[in-house]
Amino acid sequence: MGWLAAMALAVLLWASCGQVYRPVVIPVSTTPPNPANFHAVFGISTNVLSNPGTALQIDVSGDSDIGVANMGVNPTHAASLPNDSRIFVASAGSVNSDGTVNVGGVDIVTGFTPAGDSTTATGLGTPTIFTLPNVGNNQSSAITAISEDSTGLVTVTLSAPLVRAQAGGVVIITGVVVTGPNPNAYDGSFTISSVSGTTITYVDPVLGLATGTSGTATIPIPLSCSYQPDFLATAQTSTIYLANYGFENDPNCPLTSTDSVAALNPAQSTITTISYLATAANPIAHPVSLAETPDAQNLYVVNQGSVNPPVAGTIMDLSPTDLSTLATIALPAGSSTPVWAVSRPDSRFVYVVTQGDGQLLTISTATNTVTSSQPVGGPGANFILYDKSRNRLYVTNPTAAAVFVFDATSDAPTLLSAISMTTGANAPCPSGCSPVSVAAMPDGSRFYVASYQTLSACPAGSGVSGACVIPRLTVYDARSMTVKPISSSTSLLPPSISLLGQPLFGATQYAVARVSSCDPAPTYAPGTTRFRMFAAAAADSSHVYVSICDAGSIADIIATTSTLSTGGTNTPDQLVTDLAAPFSAASAPSGGQPPPQNPIFLLSGQ
């Protein structure tokens, strides 16, 4: 009977287990965190007048900024060493962001080490400053007469005019001998009140000085000539090259022209060589772009030239070793205002776009001649991107509202598509817009066009009133070169991506108020905005970023889906967030925070 009792007990226990509560896990369809390797993108922003701009580092997988540092006044461009170990930012501090002269402003290049992949915040490395050389001697003139009136105003007559003397500047008086207990009383450094030919006046706090007829007046070398650095480039880790837009006949500088290219040594944090570009034949160069061939044998300089006075643009080939001129390449007849250049990876060709007439020029590095010239929409072309994954060239022309795609595998690029932003199937902006930048996915799957529309009166429901800018990003399939339309359920600007999201912007906002300093000039010069918007793709093809000058933010777009889930919000090519630029030095509204700085350039890192 014992075995029957044991069996009955076992059955009872088995049956009772069915009454025990077991929790049930129901999966929720959400996008999991991105476990991608560490990658970075850098944003460069300008501040209000005479205040330093910033560099900001974005952690791609974390969708956040992980480091900010001050750069110089009026940042213009940035570049990295090929191994991404250091980032360099050019700043044209001698000219304000509104194009006016910044008296006493200094042009510099700032280098820093990026923040690394770490569980603790490290921030950007301590910035290193490169200053441009100030060459030449002090300018002096003999004094033929010097006297002081009863108010202390001293009048100096010179044997020859001092061309660098100007009101508000400094004059140094030496060697004047007068009778009395203090025979050298005139000697000293003074602020100039006025300049007229060979006559200079200034105020001396010492009164009662007698008339003199000897001595020397000297204008010292200024703290810095105006170089206006505007572009950085390199294909090697030992040197980075800097283009200086330059300034002609500056009365405060001993140089006739500072249009130049400089070589920077990252290891020593010094400028080792500088080559001045102005010649008798081309007295104004104004370099605005550089392209070093990957074999480090040629450094091509895009000299924009000048509209007033009229000086033709040129392309120069400099030796990367010592910056000596290897060749000066004239533009084809009718071409003008070259603005951007890129090199083919095999170093055989360099491509230049001209803004004045809208041509894509191909230059053979073997002969330093223009081997082909192809139209890209007429005047207004502004930018070229070389897509290494597909060996393509993308050229934007905001005036023509078009993007031109070329196959670069042949010696002369072959036009694959002339993409209109205003016509055709899924046209991004039928009423008009300005495409200004392209980012191509490193995996070769897509390319993205950043464009904007400006309106004098924004429509109701846009989120702002008055003059506004409507930024958008359009996704194109790289194989077919057609729009990959974004649904109206996920974008306020279908078929493109609307770039303004919460919490920085309203839930239905797709426009921002126009900021006048973000308006691009008809012809670029430091102190004007080159890119109202700029796009850059992360190195792992997971994200695309768009700087929006007027919005004071950088849009972060996720370009992939997670391998773990495809439901819920896990949709590719969607806005993830908007990263605000650092606070500016502008006054804060009552009870609020200062407005952000204005992002003007992006740089993809490792």
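I began in the loop between β26 (383-387) and β27 (392-397), where Asn391 is found. Strands here are DSSP runs of E, at least two residues long, numbered from the N terminus. This is a predicted model: I read local features only at pLDDT of at least 70 and side-chain atom pairs only at pLDDT 80 or more, while totals for chains, interfaces and linings use all residues. Residues are numbered from 1 along each chain as its sequence is written, and side-chain values use heavy atoms, with hydrogens and water left out.

Asn391 is not a glycine, yet its phi is positive, about 50°. I noted a relative accessible area of 30% for Asn391, so it is partly exposed. My cut-offs: buried is under 20% relative accessible area, exposed is over 50%, and partly exposed is in between (1.4 Å probe, protein chains only).

Asp63 also has a positive phi, near 50°. I found Asp63 in the loop between β2 (52-59) and β3 (64-73). Its relative accessibility is 24%, so Asp63 counts as partly exposed.

Next I looked up cis peptides. One joins Asn308 and Pro309, with omega about 5°. Pro309 sits in the loop between β19 and β20 (314-318). A cis bond also joins Gln502 and Pro503, with omega about 5°. Pro503 is in the loop between β33 (497-498) and β34 (512-513).

**Entry: the sheet from β18 to β21**

I traced an open sheet of 4 strands in the order β18-β19-β20-β21, with antiparallel pairing. Pairing requires at least two DSSP bridges between two strands. The edges are β18 (287-292) and β21 (325-330); each has a single partner strand, so one side of each lacks a neighbour in the sheet. Neighbouring strands are turned by 20° against each other on average, direction ignored. I took those angles between axes, lines fitted to C-alpha atoms; angles run from 0 to 180 degrees between N-to-C directions.

β18 and β19 (residues 299-303) run antiparallel and are joined by 5 bridges. Ala291 has Tyr300 of β19 as its bridge partner.

**Entry: β6**

How many residues of β6 (residues 108-112) are buried? I count 5 of its 5. Ile108, Thr110 and Phe112 point one way, Val109 and Gly111 the other, and all are buried. In a regular strand, side chains alternate between the two faces of the sheet.

β6 pairs with β5 (residues 87-91) in the antiparallel sense over 5 bridges. There Phe88 has Gly111 as its bridge partner. β6 also pairs with β7 (residues 128-131), antiparallel, over 4 bridges. In β7, Thr131 stands opposite Ile108.

**Entry: salt bridges**

My rule was a side-chain nitrogen of Lys or Arg within 4 Å of a carboxyl oxygen of Asp or Glu. The count comes to 6 salt bridges.

Asp346 pairs with Arg344, with the closest N and O atoms 2.7 Å apart. Asp346 is partly exposed at 37%, whereas Arg344 is buried at 5%.

Asp573 meets Arg446 at 3.1 Å, N to O. Asp573 is in the loop between β37 (553-558) and β38 (574-580) and Arg446 is in β31 (residues 446-455), so the pair ties together parts 127 residues apart in sequence. Asp573 is buried at 5%, and Arg446 is buried at 11%.

Asp519 meets Arg532 at 2.6 Å, N to O. Asp519 is partly exposed at 22%, while Arg532 is buried at 3%. Salt bridges that share partners join Arg514, Asp519, Arg532 and Asp550 into one network.
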